[in-house]
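Hi everyone, thanks for making time this morning. I'd like to walk you through one model and talk about its surface and its pocket.

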Amino acid sequence: MANKNSAARIAANNKYNAKAYDRIGIAVHKGKKDVIKAHAAEQGETINAFVTRAIDETMERDNANKEKSPGASSPGE
């Protein structure tokens with residue numbers, strides 16, 4: 001199947017993505033990507049959406065735990 005996007009469209013998308021998004025590369029053990037991809041699909045999500053949701057939920061939980069223990073310091077402090 002031929003690529004339906006022109007070179008100009010691809011360049012425009014890449015330019016927009018560079019301005020609108022930060023990229024984070026992660027490395028996982030061999031075989032783990034397939035497990036993550038399958039789990040994300042079961043949730044009706046892409047890998048990116050799943051990882052973003054997992055990060056957001058973890059940060060929210062971590063911040064809630066910090067509020068519960070005001071005397072505790074964060075790592076690195």
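Before we look at any residue, one cut-off: a residue counts as exposed when its relative accessible area is over 50%, and as buried when that value is under 20%. Please also keep in mind that this is a predicted model.

So, is Ile26 buried or exposed? Ile26 has a relative accessible area of 60%, and it is therefore exposed, because the cut-off is over 50%. You'll find Ile26 in the loop between helix 1 (7-20) and helix 2 (32-42).

Let's zoom out for a moment. The protein has three helices and zero strands, in the order α-α-α along the sequence. Of its 77 residues, 4% count as buried. The protein exposes about 7200 Å², and carbon and sulfur atoms supply 53% of that area.

How much space lies in the largest pocket? About 530 Å³. Fourteen residues line this pocket, and the closest to its centre are Asp22, Arg23, Ile24, Asn48 and Thr52.

Where does the lining come from? Helix 1 and helix 3 (47-68) each supply at least two residues, and helix 3 gives the largest share, with six. By class, the lining has seven nonpolar, four polar and three charged residues.

That's my tour, and I'm happy to take questions.

Note on methods. Residues are numbered from 1 along each chain as its sequence is written. This is a predicted model: local features need pLDDT of at least 70, side-chain atom pairs count only at pLDDT 80 or more; totals for chains, interfaces and linings use all residues. Side-chain values use heavy atoms; hydrogens and water are left out. Helices (H or I, at least four residues) and strands (E, at least two) are DSSP runs, numbered from the N terminus. Buried means under 20% relative accessible area, exposed over 50%, partly exposed in between (1.4 Å probe, protein chains only). On a 1 Å grid over the protein atoms alone, a cavity is a set of points where a 1.4 Å probe fits but cannot get out, and a pocket is an open set with protein on both sides within 12 Å along at least five of seven lines; lining residues have an atom within 4 Å of a point. Grid points are joined across faces, edges and corners, and a volume is the space filled by probe spheres set on the points. Ala, Val, Leu, Ile, Met, Phe, Trp, Tyr, Cys and Pro count as nonpolar, Asp, Glu, Lys and Arg as charged, and the others, Gly among them, as polar. Accessible areas come from the Shrake-Rupley method with a 1.4 Å probe; for residues, only the protein chains shown count as cover.
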